[in-house]
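Colleague: I would like to learn how to read a structure like this one. Could you take me through some features in turn?

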Amino acid sequence: MLAMNYRGPQRVRIDEKPEPKILHPQDAIVRVTRSCICGSDLHLYNGNVPDTRVGMTFGHEFIGEVIEIGSEIQKLKVGDMVIVPFNIACGKCHFCKQGLFGNCHESNSQATAVGGIFGYSHTAGGYDGGQAEYVRVPYADVGPTVIPPGMDPDDAVLLTDVVPTGYQAAEMGGIQKGDTVVIFGAGPIGIMAARCSWLFGAGRVIVIDKVEYRLEFVRNYASCEAYNYEEMDDPVVFVKKTTDWMGADVVIDAVGAEATGNVMQTITGRKLLLQAGSATAAHWAVNSVKKGGIVSIVGIYGPTDNLFPLGNVVNKGLTIRANQASVKRLLPRLIDHVQNGILNPKALITHRVPLEDVADAYHIFSEKLDNCIKPVLIPPSAR
Ligand SMILES: NC(=O)c1ccc[n+]([C@@H]2O[C@H](COP(=O)([O-])OP(=O)(O)OC[C@H]3O[C@@H](n4cnc5c(N)ncnc54)[C@H](O)[C@@H]3O)[C@@H](O)[C@H]2O)c1
Ligand SMILES: [Zn+2]
Ligand SMILES: [Zn+2]
């Protein structure tokens, strides 16, 4: 089959790989009809995530058709078209039972923090992902959810990650009616977090990035304010100033390890890899939230160490909430929101790229070329 193949930092290509097989009675094999490239893939692409092995296929955002099931599968049937959450979760452990599907204790033998994730290095279990024609899906009765009749596949594929993560970013912010919410990052996740912040009752939503076309996009898509940090002396002072010097009630980090904006962070986090990514946005978040406020971090940082402004967290009495999104927990509500027209995820898709051109898609998305917000890869069988 055709599959994306990681060859080392900034080098990916399309290759022939063996088709996946059922390895466990609870597996299913899915024929991919859409898969996306995510900001999280850029951390892998740039070599920022430990134990990202040459030969791996990335891709944790995909939908497709179930073509084979293991002997213990009871809910899924061959022929079902499914949304596959990016988290691989057993559904039975202590954490899954609490809805913490992103922190499953069984699906990732390499770690006790994050659960398994499709196509996300051996620190997330070493599973091959969906930027391919076929994928093996473990615990297939737990995560995969049948796509409701009539739902546009472009909406469905964004329910695997972008919509739940943006929504959970706002949810973890504990937004109260009238709150001012600041979001660092105007990628797909920041854009969706901005849109969802209104659903929780925000009174003012401000997005900060440096890429003008993304600022323009989020202004229109999420009806919010959007500003370029490169035009500010200091983004923290900017936020303070626009909130009567109090700071924002809630700040969301939707940037993670690839953050720009601070030379020392970039050198130590992205060039020398002395810390697990650049923590610039996390610093700005902690420093621009008001005392007693909440910082919600969905931007991803690799294991294990980061320079983090702990003193300010303590002295300001902050609440920090952070996690991988729990896709399966949120899906029923978010499917409703899409079907009722409250959320329109497919508007984020700017690029529809044949799977064979995966290397170009990574380049365009990574370099923010051609006004790219979200690229979707389409395998030959789905065209
Ligand atoms: N927690 C989860 O479950 C989860 C799920 C999906 C993605 N993520 C993470 O969310 C983050 C965003 O994902 P995405 O797909 O939107 O990525 P993206 O790369 O498309 O967007 C990131 C944006 O941040 C901007 N940026 C860089 N430095 C900044 C700074 N200092 N301040 C403000 N903006 C800055 C970039 O210009 C870019 O537009 C990534 O870290 C990704 O790994 C987390
Ligand atoms: Zn993703
Ligand atoms: Zn579990």
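Modeller: Start with Asp370, which is exposed, with a relative accessible area of 58%. Keep in mind that this is a predicted model.

Colleague: Why does Asp370 count as exposed?

Modeller: Exposed means over 50% relative accessible area. Asp370 has 58%, so it counts as exposed. This residue sits in the loop between helix 12 and strand 17 (374-378). Its phi is positive, about 55°, although Asp370 is not a glycine.

Colleague: Which loop holds Trp245, and is Trp245 buried or exposed?

Modeller: Trp245 is found in the loop between helix 7 (235-241) and strand 13 (248-253). Its relative accessibility is 54%, so Trp245 counts as exposed. Phi of Trp245 is also positive, near 65°, and the residue is not a glycine.

Colleague: Now a helix. Which residues of helix 6 are buried?

Modeller: Buried means under 20% relative accessible area. In helix 6 (residues 212-222), that applies to Tyr213, Arg214, Leu215, Val218, Tyr221 and Ala222.

Colleague: What do the buried residues of helix 6 pack against?

Modeller: They pack against helix 5 (188-199), strand 11 (204-209), strand 12 (225-228) and helix 12 (358-366). Just after helix 6 comes Ser223, with a positive phi of about 45°.

Colleague: Where do Cys38 and Asp161 lie?

Modeller: Cys38 is in the loop between strand 3 (28-36) and helix 1 (39-45), and Asp161 is in the loop between helix 3 (153-158) and helix 4 (162-172), so the pair ties together parts that are 123 residues apart in sequence. Both Cys38 and Asp161 are buried.

Colleague: How many residues surround ligand 1?

Modeller: There are 33, and the closest are Ser40, Asp209, Val255, Val298 and Ala325. An oxygen atom of ligand 1 is 2.6 Å from a side-chain N or O atom of Ser40. For the side chain of His43, the distance from an N or O atom to a ligand 1 oxygen is 2.9 Å. Pro188 has a backbone N or O atom 3.2 Å from an oxygen of ligand 1. On its own, ligand 1 has 870 Å² of accessible area, and the protein covers 97% of that.

Note on methods
Residues numbered from 1 in each chain as written. Chains lettered and ligands numbered in written order. Predicted model: local features only at pLDDT ≥ 70, side-chain atom pairs only at ≥ 80, totals over all residues. Heavy atoms only, no water. Helix = DSSP H or I, 4+ residues; strand = E, 2+ residues; numbered from the N terminus. Buried < 20%, exposed > 50% of the residue type's maximum accessible area, 1.4 Å probe, protein only. Contact = heavy atoms within 4.5 Å. Near = heavy atom within 4 Å. Polar contact = N/O pair within 3.5 Å; in protein donor to acceptor, adjacent residues only side chain to side chain. Areas by Shrake-Rupley, 256 points an atom, 1.4 Å probe, with all protein chains shown as cover.
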